[in-house]
Amino acid sequence: MPTVLNFKEIIDLPLWRPNSPAFVATAAGGSFAYDMRNTQRNSPYNYFLHNATSLYAYAPKNDEWILIGSPGLAGAFGAGATAIFHPTQGPRGTIAAGGTTTSFTLTTALPAAVAANQLANRGDGKGFRIRLIGNSAGGSGRVEERIIIANTAGTTPTITVDSAFTFTPALGNTYEILSGRVFMLSAGTLAAGMWKSYDLATNSFSGNLTTTNLPATVGGDSSLVALAEGHIPNNRNEFTGMLGTITASAATGTTIVAATGVSDALFADEYRNFQVRVVEDTTTPTAVGQRRRISTHTSGLTPTFTVAAWAVTPSATAKFVIENDDDKILLFTNQTAVYTYNITANTWDTTTFAAAAAAGAAGIVASQAFGITRDTTGNNRHSQIYRIRGGAVNTIDVFDIAGAATGLWSADIAYGNKGGTTFTTGTCGAYDPVTLEGRYMYINPGSTTGQRFLRFDVRNRVLEPWAYLRVPGSTAVVGSKLALSYFFDGATKLSYLSVLQNSSINQYSIACQN
């Protein structure tokens, strides 16, 4: 029987509850990272990067912690360190011949060897999700996803799934394990080993990822934004993108035209710098699975999307979705530059997106408003990133990644209840794209006790008082100390906000009920 939530305002006040304390007290740079996907596919853990040698996982369902291991980050871990969960990055590659509709063998090696059936339990008894793409010559031209229920051991295991694919996997088809990765940045003087990732599926840390083009010193405070294809509006099904599945009417070497599937007329370039992903092409199977970044698109119900050149031009009957550019992570820090990490190429640059007029400071928080229901007036869009600037001012900036070829900044925006509240050392935030129409970013504004909590409505631009925590923390430290977890029961969804208090092991959580 589905859960029915019936909270009554004033009578049912949101109340904080104590949770399992962390192993060690929070310190400068310590950061929570959590999965913002809007279904039960999201990770059962929140991750906390405490220092250069300690990544912890917290299980909200059971209220306990485990030490994952040491990422071995270089630098001088402290102010400026941060972490982000990217939900749709994970092992990718090709498969061998001889597959059946329920089983196939990987040929591209995983980042690390897995134990027998390890992929069938992601930490809550459920297997990781795997995407199979029928894009080999003579392939099916379809993309389908299943849950892993068994695997052999090693780096090229045989995978068994929970239900049959509608096509038989063929040699050269590609796979993607949609497990997620935690990306971690250390602080201090730039050095090899300051930027690494943790792969959930294989329980392994990456080697040194590039640091070229990052600032010479990472310090002050930092906030990461993952432009993940798994980040979608609250009213969309996962992996149908920002708008749903679209059927094409034509395509060229650098374009694809929508025929049906766009329910509301688009504004021109509303989804510039997002991606097109081809999800079905039974006419030209080798075109399926391609991702291409959008450089421009026309308006209306049948827009033409101009993209980077296709390797294989999709057919006029292809189906596609519009999503975040899954290959990008953005770093906002105590610089004006927007640092863009290109995951596949393993490169950083400051040219993909335009610099801000003013640098961030202690208390910086950045979140993309991808979870809101699409605003047909165009006043607020999925492409907008809200940046709390920090530095003991009340300033919130908006960076619209689609506003121009390299994005467009709106500095120091007007918002409801803008006034005496300032954001300084200790300020941290967590965006909830899943519940309450994806409208709220929860904020713990910087203070010594860290007891005040606010929330910012990213659709309507209003700062609201929220829920006071009666237990004081200690000395304010920079870092992301907030995370969200979710209760799902069919259409019923309820988010829980967790806070690790400043300079403390204490953790509390609260239902975001109204």
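The model is predicted, so local features require pLDDT of at least 70, side-chain atom pairs count only at pLDDT 80 or more, and totals for chains, interfaces and linings use all residues. Residues are numbered from 1 along each chain as its sequence is written, and side-chain values use heavy atoms, with hydrogens and water left out.

The protein contains zero helices and 38 strands. Both elements are DSSP runs numbered from the N terminus (helices: H or I, at least four residues; strands: E, at least two). The radius of gyration is 22 Å, close to the 24 Å given by the globule rule for 514 residues, so the protein is as compact as a globular protein of that length. This radius is taken over C-alpha atoms, and the rule is 2.2 Å times the number of residues to the power 0.38. Along the principal axes, the C-alpha atoms fill a box of roughly 65 × 55 × 50 Å.

Of the 514 residues, 59% count as buried. Buried means under 20% relative accessible area, exposed over 50%, and partly exposed in between (1.4 Å probe, protein chains only). The accessible surface is about 17,700 Å², and carbon and sulfur atoms account for 52% of this area. Areas come from the Shrake-Rupley method with a 1.4 Å probe; for residues, only the protein chains shown count as cover. Contacts (heavy atoms within 4.5 Å) were also counted by sequence separation. Among those between residues at least 6 apart in sequence, 65% join residues at least 24 apart.

Strand β9 spans residues 129-133 and includes R129. R129 has a relative accessible area of 18% and is therefore buried. Its side chain forms a polar contact of 3.1 Å with the side chain of E145. Such a contact is a pair of N or O atoms within 3.5 Å; within protein, one must be able to donate a hydrogen and the other to accept it, and residues adjacent in sequence count only if both atoms are side-chain atoms. Leaving aside residues up to four places away in sequence, R129 touches R41, E145, R146, I147, E176, I177 and L178.

Two loop residues have positive phi without being glycine. E437 has phi near 65 degrees and lies between β32 (428-432) and β33 (440-444). Its relative accessibility is 44%, so E437 is partly exposed. S503 has phi of about 50 degrees and lies in the loop between β37 (492-500) and β38 (507-511). At 26% relative accessibility, S503 also counts as partly exposed.
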